[in-house]
Amino acid sequence: MSEKLQKVLARAGLGSRREIESMIQAGRVSVNGIVAKLGDRLDDASTNIRVDGHSVQVAAPSEVVCRVLAYNKPEGELCTRSDPEGRRTVFDRLPRMNGARWVAVGRLDANTSGLMLFTTDGELANRLMHPSRQVQREYMVRVFGEVNEQMIKNLVRGVTLEDGDARFEDIVYAGGEGMNHTFYVVITEGRNREVRRLWESQGVTVSRLKRVRYGNLYLNKELPRGGWMELELDDVNYLREMVELRPERETMITPEMKKRKARSQKIRRAVRRHEDRVESTDTRKPRPQRRGGEQSVASDKPAPRRGQGKAGQSRTDAGKPAQRAGGRPGKPGQNRPGQSSSRQKVQGGKPQSNKRQGR
């Protein structure tokens, strides 16, 4: 069966379909010595394909092992493969591969931290990012300014931004004092700076933004800032099933890799704690106690909560959300049965006095 050229190259990990379409339009792709054009299809995987003059090896779908990484992006890193100014990018820390490359599933702003996914399967990345899939993304957001009932109603019902209408699927209050308030919000699109622009439409400023969930995959509390971990087969197939792709039968994770990963995570956590102690000593100020949703994934383990699973599982992060207030039944990304509920919902849009438990 023939496949579109951009789909084959995306599956080979050369970029998303949109990126490859731009490469084809720019004349950077050739097939058997002829410059390719949009709409070209491939009938044979052994066809001579070149991108920017370099030969590209492609494989049939059954021959490609789909791999997915979860990455805890720190603030300050750029979601680009290279930066002319030499700034750090999210790809700098990822493991190197031969014959394939990591494709980012969406982007986060330089000033936004938290969970990012990377995959070797460009088709999977393309489907996860497509707005029609309605994959939930959950963020912990700290805003500066007064938040009242009408603002919450506006954000849930929807507001008009410069690129169209947008809304939060759910808003959960997590505490705060003075003019600083922390919320957990859910969106189902990945528009540029969408969370920040939604809050700015109500006259408040986002001072901190961190993604804590993508679909049903949570930011793992064992994953330090700047750390990555490869998802196991069950989690990979959860993502593939959600976007109607065939399940993967192979994984590149071996028992020895699991042991090495556990050791490297301990080292990274120890280094981070040392850096925090040095910083605290240099400033001659006691380290402030983190509150609410601001607990770092690199910090000591929080007190266990009822319903919390084994440490280190990708769906049992300390930031597990409360029961969805605005979620729609049957949508991908809803809480699975048996998940605990620890967040306090917004009642009438007014922040409550109780702090979020378990943090």
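Visitor: Which elements do the buried residues of α6 pack against?

Guide: First, the ground rules. This is a predicted model, where local features need pLDDT of at least 70, side-chain atom pairs count only at pLDDT 80 or more, and totals for chains, interfaces and linings use all residues. Residues are numbered from 1 along each chain as its sequence is written, and side-chain values use heavy atoms, with hydrogens and water left out. Now the terms: helices (H or I, at least four residues) and strands (E, at least two) are DSSP runs, numbered from the N terminus. Buried means under 20% relative accessible area, with a 1.4 Å probe and protein chains only; contact means heavy atoms within 4.5 Å. Here, the buried residues of α6 pack against β7 (68–73), β9 (113–119), α3 and β16 (217–218).

Visitor: How many residues of α6 are buried?

Guide: In general, an α-helix has 3.6 residues a turn, so residues three or four places apart point the same way. Helix α6 (residues 233–242) is mostly covered, with 7 of its 10 residues buried. They are Asp235, Val236, Asn237, Tyr238, Leu239, Arg240 and Met242. Just after α6, look for Glu244, which has a positive phi of about 65°.

Visitor: What is the volume of the largest pocket?

Guide: Picture a 1 Å grid over the protein atoms alone: a pocket is an open set of points with protein on both sides within 12 Å along at least five of seven lines, a cavity is a set where a 1.4 Å probe fits but cannot get out, and lining residues have an atom within 4 Å of a point. Points are joined across faces, edges and corners, and volume is the space filled by probe spheres set on them. For the largest pocket that gives about 1000 Å³. Of its 36 lining residues, the closest to the centre are Arg18, Gly106, Arg107, Met129 and Gly190.

Visitor: Why does the largest pocket lie between domain 1 and domain 2?

Guide: Domain bounds come from an automatic or database domain assignment. Domain 1 (3–56) and domain 2 (68–275) both give residues to the lining, so the pocket lies between them. Elements supplying at least two lining residues each include α2 (17–25) and β15 (205–214).

Notes. Buried < 20%, exposed > 50% of the residue type's maximum accessible area, 1.4 Å probe, protein only.
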